[in-house]
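The following explanation leads through the salt bridges of one structure and then through one of its pockets. Please keep the sequence and the model at hand while reading.

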Amino acid sequence: DIIDQRDNGKCRKCKKEEHIANELDAYRDMTEQEKSEFLKKAKKEFLESESGKSWMELIGGFPKFGIPMVLKENYADYESVILNVHHEYYIKGKKPWEYELDALTTLCSNCHKEVHEKEIIRIYDNDSKLNSVPFKNCWKCNGTGRLPEYHYYFGGICFACDGKGTNE
């Protein structure tokens, strides 16, 4: 909460405020034909995505679609913005809440993912910050520790890395 307050409840990069979209409201307002087309398109996009391919390999079948996936091009107004606390670096043995405030930044989940894709986050042996190794991103969440599309289930924590952002 301190980081969120310091950063005025906004992502430091894109300046978006947190907003949890209610995907079901958009779905409820559709006609039966629109719902059918929506689900067909969602299933197709899911199967073509990396997570869909991984899911199919993992369970060998297609998941049931009880809650529809939100397709950004058609439902941009319903896109969620979820804020995360980003660590500029890590220190072995330190708990996430034990860092100095200047080591933490508020980022939305999209910007957080982008930072972990484009920047090298360092892991130091101790507070002296002399010896470091690059942080290796989790294969599932790409180092963010969260999957925003699952925000409704345990806050979207990545079960592949238990929210740590790395599988090591």
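Arginine 6 is partly exposed, with a relative accessible area of 32%, whereas aspartate 7 is buried at 7%; buried means under 20% relative accessible area, exposed over 50%, and partly exposed in between, for a 1.4 Å probe and protein chains only. These two residues form a salt bridge whose closest N and O atoms are 3.0 Å apart, a salt bridge being a side-chain nitrogen of Lys or Arg within 4 Å of a carboxyl oxygen of Asp or Glu. The model is predicted, so local features need pLDDT of at least 70 and side-chain atom pairs count only at pLDDT 80 or more, while totals for chains, interfaces and linings use all residues. Residues are numbered from 1 along each chain as its sequence is written, and side-chain values use heavy atoms, with hydrogens and water left out.

Over the whole structure, the search finds six salt bridges. One of them joins lysine 13 to glutamate 114, with 3.6 Å between the closest N and O atoms. Because lysine 13 lies in the loop between H1 and helix H2 (23-28) and glutamate 114 in helix H5, the pair ties together parts that are 101 residues apart in sequence; helices (H or I, at least four residues) and strands (E, at least two) are DSSP runs, numbered from the N terminus. Lysine 13 is partly exposed at 44% relative accessible area, and glutamate 114 is partly exposed at 31%.

Lysine 94 forms a salt bridge with aspartate 127, the closest N and O atoms being 3.1 Å apart. This pair links distant parts of the chain, 33 residues apart: lysine 94 is in the loop between E2 and E3, and aspartate 127 in the loop between strand E4 (122-124) and E5. Lysine 94 is partly exposed at 24% relative accessibility, while aspartate 127 is exposed at 51%. Elsewhere, salt bridges that share partners join Arg6, Asp7 and Arg12 into one network.

The second largest pocket is lined by 40 residues, and Val85, His87, Tyr90, Pro96 and Gly163 lie nearest its centre. A pocket is here an open set of points on a 1 Å grid over the protein atoms alone, where a 1.4 Å probe fits, with protein on both sides within 12 Å along at least five of seven lines; lining residues have an atom within 4 Å of a point. Strand E1 (83-87) is among the elements that each supply at least two lining residues, as are helix H1 (2-6) and helix H5 (109-118). E1 gives the largest share, five residues.
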